[in-house]
Amino acid sequence: MPINASQSEIYESFTMFSPSGEFMCYCNKKKADWYIKKNLAEWIDDKKFKLIFEPNGNGKADNPYYREVIENRCVVCGSEKELNKHHVVPYVFRSRMPTEYKESNHHDVLATCIDCHEKYEEMATKFKKQIADELNVSMENGMSPEQIKNKKILSARNLLERVSKGEITGVPEDRLEIIKLKAKEELVEEISIHGAAWADGIMKVIIESDNMYNFVKRWREHFVKHMSPQYLPKYWSIDSPLEKSGKVEI
């Protein structure tokens with residue numbers, strides 16, 4: 001699917017309080033509604049709710065990242081228009097991570113505008129290939145539909161670049177027009193959780209080698225290095241410990 005703008009705010013900033021009125025964390029509307037529907041909380045106002053049971057611990061009140069009201073703007077360029085959820089660890093991998101690494105964890109889900117998202121998608125595709133090569137995982141077998149489409153677009157763009165530099169000559173004009181049309185197509189976000197055996201292979205190695213933190217950190221470093229984001233949340237960090245079911249590990 002095309003990389004489309006989100007129809008709702010990326011950060012909804014609903015506030016969760018303990019039964020005694022202590023701040024616990026900010027969360028999205030979906031999570032707030034879940035507590036309400038399960039009769040585990042009650043609304044204080046339109047954006048605040050209070051638990052009606054005594055939780056084990058204080059949630060994420062000790063984590064400054066989850067105490068921060070995060071602005072709805074592109075973390076790269078600052079644009080507030082056409083925002084999209086950017087998974088720092090691409091969704092094709094995040095979807096295959098053990099559940100305990102995904103629950104209530106949005107440190108590595110950031111807001112980017114469509115232009116910045118697509119710009120990075122091209123770099124991320126190359127990095128996926130690099131990681132696959134390092135782990136001896138073939139990306140040719142069981143490629144996802146998104147992976148196949150992006151590969152064709154990137155190949156067309158690469159070919160046009162080589163033509164413009166004079167590295168390739170003699171391409172028939174009609175063929176060149178077809179290549180130009182393909183190169184102009186939008187990249188798509190690789191979100192398929194089926195039909196991508198290469199992603200299964202990569203995550204199998206990462207999980208079995210107990211190397212999840214380093215894997216996540218590499219993607220954080222890659223995003224920061226290649227996009228130089230100027231508007232990251234104050235407490236977002238490349239070195240932030242990896243959360244796991246309410247715990248952290250490094």
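Axes are lines fitted to C-alpha atoms, for helices over the stretch in contact, and the angles between them run from 0 to 180 degrees between N-to-C directions. Two packed helices are described by the angle between their axes and the distance between the axes. The model shown here is predicted, so local features need pLDDT of at least 70 and side-chain atom pairs count only at pLDDT 80 or more, while totals for chains, interfaces and linings use all residues. Residues are numbered from 1 along each chain as its sequence is written, and side-chain values use heavy atoms, with hydrogens and water left out.

View 1. Helices (H or I, at least four residues) and strands (E, at least two) are DSSP runs, numbered from the N terminus. Of the 250 residues, 41% count as buried; buried means under 20% relative accessible area, exposed over 50%, and partly exposed in between (1.4 Å probe, protein chains only). Take contacts between residues at least 6 apart in sequence: 73% of them join residues at least 24 apart. Here, contact means heavy atoms within 4.5 Å.

**View 2. Helix α4 (residues 114–134) packs with helix α8 (residues 212–227).** Their angle is about 135 degrees, and their axes are 11 Å apart. That makes α4 oblique to α8, because angles under 35 degrees count as roughly parallel, over 145 as roughly antiparallel, 65 to 115 as roughly perpendicular and the rest as oblique. Residues making the contact include Tyr120, Met123 and Phe127 of α4, and Phe215, Trp219 and Phe223 of α8. By class, the contact has 10 nonpolar, 3 polar and 4 charged residues. Ala, Val, Leu, Ile, Met, Phe, Trp, Tyr, Cys and Pro count as nonpolar, Asp, Glu, Lys and Arg as charged, and the others, Gly among them, as polar.

**View 3. His86 sits in strand β5 (residues 83–87).** Is His86 buried or exposed? His86 counts as buried because its relative accessibility is 4%. Not counting residues up to four places away in sequence, His86 touches Asp108, Val109, Leu110, Thr112, His117, Tyr120 and Phe223.

**View 4. Val76 lies in the loop between α2 (64–67) and β5.** Val76 is buried, with a relative accessible area of 11%. Leaving aside neighbours within four places in sequence, its contacts include Thr112, Cys116, Phe223 and Met227. Val76 and His117 are 41 residues apart in sequence, yet 9.2 Å apart in space, C-alpha to C-alpha.

**View 5. Leu135 is found in the loop between α4 and α5 (145–164).** Leu135 is partly exposed, at a relative accessible area of 26%. Which residues does Leu135 contact, leaving aside neighbours within four places in sequence? They are Ile202, Val205 and Ile206. Leu135 and Val205 are 70 residues apart in sequence and 7.6 Å apart in space, C-alpha to C-alpha.

**View 6. Asp210 and Ser228 each have a positive phi.** Most residues other than glycine have a negative phi, and most peptide bonds are trans. Asp210, in the loop between α7 (197–208) and α8, has a phi of about 55 degrees although it is not a glycine. Asp210 is exposed, with a relative accessible area of 64%. Ser228 lies in the loop between α8 and β7 (242–244), and its phi is about 45 degrees. At 42% relative accessibility, Ser228 counts as partly exposed.
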